Amino acid sequence: MSTLPLARLLFAITAGTHFLFVSLTLGLAALVAIMQTRAVVTGSAVHMRMVRFWGQLYVINYAVGIVTGLMMEFQFGLNWPGLTDHARDVFGAPLAMETLVAFFIEATFLGLWIFGWDRLNRYAHLALIWVVTLTAYASAYFILVANGFLRRPVGFVRVGDELRIDSAAKLFTNPAALLPLGHVVSGAFLVAGFFVAAVSSWHLRGARRGQVVDLEFFRRSLRIGLISVVLAIVPSIVFGIVQFAYIDRIGGGRTSALSGTMETLMMMAWLWMFLVAAMALIKLPFTRWLLRGRVFHRVVMMTLPFPYFAMLAGWIFREGDRQPWLIKGVLRTEDAVRPMSQGAMLAAFTGITSLFAVLALVNIALLRRYARQGPDEVALGRTEPIPSLEPVPSL
């Protein structure tokens with residue numbers, strides 16, 4: 001393969017892999033914040049245990065996802081210098097704000113939340129997780145602003161060979177950014193909802209095989225996961241239809257066979273999730289059905305990969321037909337790629353994709369390991385008593 005297709009494929013793998021981490025992080029952060037709000041307001045001990053259990057899984061996914069995000073940012077300078085040379089002012093502004101939000105505010109407050117258990121006022125500690133959640137969604141918004149500019153460049157003026165911001169309002173209210181934001185948010189709640197429901201279903205099925213399981217804990221967790229799915233399933237398709245109709249209107253999105261295949265896969269996955277959500281809506285009012293639904297538990301566990309498939313297929317469908325433009329009508333892709341040897345590009349491709357494969361396997365292994373533990377075995381928020389420092393007797 002020549003340099004350009006390799007560079008495009010490498011960035012597609014990088015962005016697609018990072019997107020899968022982000023989808024769970026966004027949804028799970030919000031669910032954990034809701035659980036902690038319920039625990040603080042009502043004094044519910046079981047909800048606070050839920051915060052520790054699901055919060056630990058959130059932190060694992062967040063930590064691994066950070067590495068994939070760094071690699072995606074790194075590629076702008078490594079493989080696409082034309083983009084930063086010509087549009088650093090316009091394209092770089094939302095990315096700089098995303099970096100400020102994600103790596104300074106979000107990461108700082110997440111650290112305070114992790115290490116602030118039983119050391120901070122409960123309302124202050126609750127405020128921390130809400131700051132983490134809101135900055136996570138702000139980070140997603142800034143990324144979509146940068147992406148939306150590539151598809152529909154607005155709010156800029158040419159100054160020589162460079163693009164400069166002419167209207168920040170147009171740049172940050174670009175419909176090509178705002179419409180997919182709703183789709184990403186609802187999709188993230190689908191991913192997190194099915195994740196929580198699938199893990200809870202696995203534990204509840206274990207109880208029927210004679211294992212010791214905290215039934216109340218995982219029944220409530222299953223209920224929260226299913227409510228998230230029920231509330232998000234319709235908005236996800238509505239926002240999807242609206243944004244793809246907009247893409248058709250401005251051009252692109254449905255011209256290649258690949259995008260048609262991705263659209264079909266996305267709709268099939270959504271239809272299956274809709275049927276599962278309909279089953280969940282019928283079961284939610286009945287506690288015994290949630291505990292004893294053996295077939296339903298298996299179906300929920302089988303559905304866990306479907307929101308990931310739908311999110312990835314939708315991303316490919318949205319981005320697959322933007323060529324030959326990197327910035328539509330402004331900068332061609334072939335003019336933005338770094339002129340390097342095929343061997344150097346192949347080495348970068350091999351190294352980065354290998355790293356991503358390892359990270360994905362590590363993330364899956366860690367999530368599987370800690371998800372299989374009971375809620376009382378988690379380490380997040382556990383504070384051990386500090387031993388008293390007694391003077392050493394003199395010899």
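How many bridges join strand β1 to strand β2? Four bridges connect β1 (residues 156–159) with β2 (residues 162–165), and the two strands run antiparallel. The model is predicted: local features need pLDDT of at least 70, side-chain atom pairs count only at pLDDT 80 or more, and totals for chains, interfaces and linings use all residues. Residues are numbered from 1 along each chain as its sequence is written, and side-chain values use heavy atoms, with hydrogens and water left out.

**Strands**
- Strands (E, at least two residues) and helices (H or I, at least four) are DSSP runs numbered from the N terminus, and two strands pair if DSSP finds at least two bridges between them.
- β1 and β2 form a hairpin with two residues between them, and Gly160 in the turn has a positive phi of about 65°.
- Phe156 has Ile165 in β2 as its bridge partner.

**Helix packing**
- Helix α1 (residues 3–42) packs with helix α4 (residues 122–151) at about 160°, their axes 9 Å apart (axes are lines fitted to C-alpha atoms, for helices over the stretch in contact, and angles run from 0 to 180 degrees between N-to-C directions).
- α1 and α4 are therefore roughly antiparallel to each other (angles over 145 degrees).
- Helix α2 (residues 45–78) and helix α3 (residues 81–115) have axes that come within 12 Å and cross at roughly 160°, so α2 and α3 are also roughly antiparallel to each other.

**Shape of α3**
- α3 bends by about 105° at Ala87 (the angle between axes fitted to the seven residues ending there and the seven starting there).

Conventions: Angles under 35 degrees count as roughly parallel, over 145 as roughly antiparallel, 65 to 115 as roughly perpendicular and the rest as oblique.
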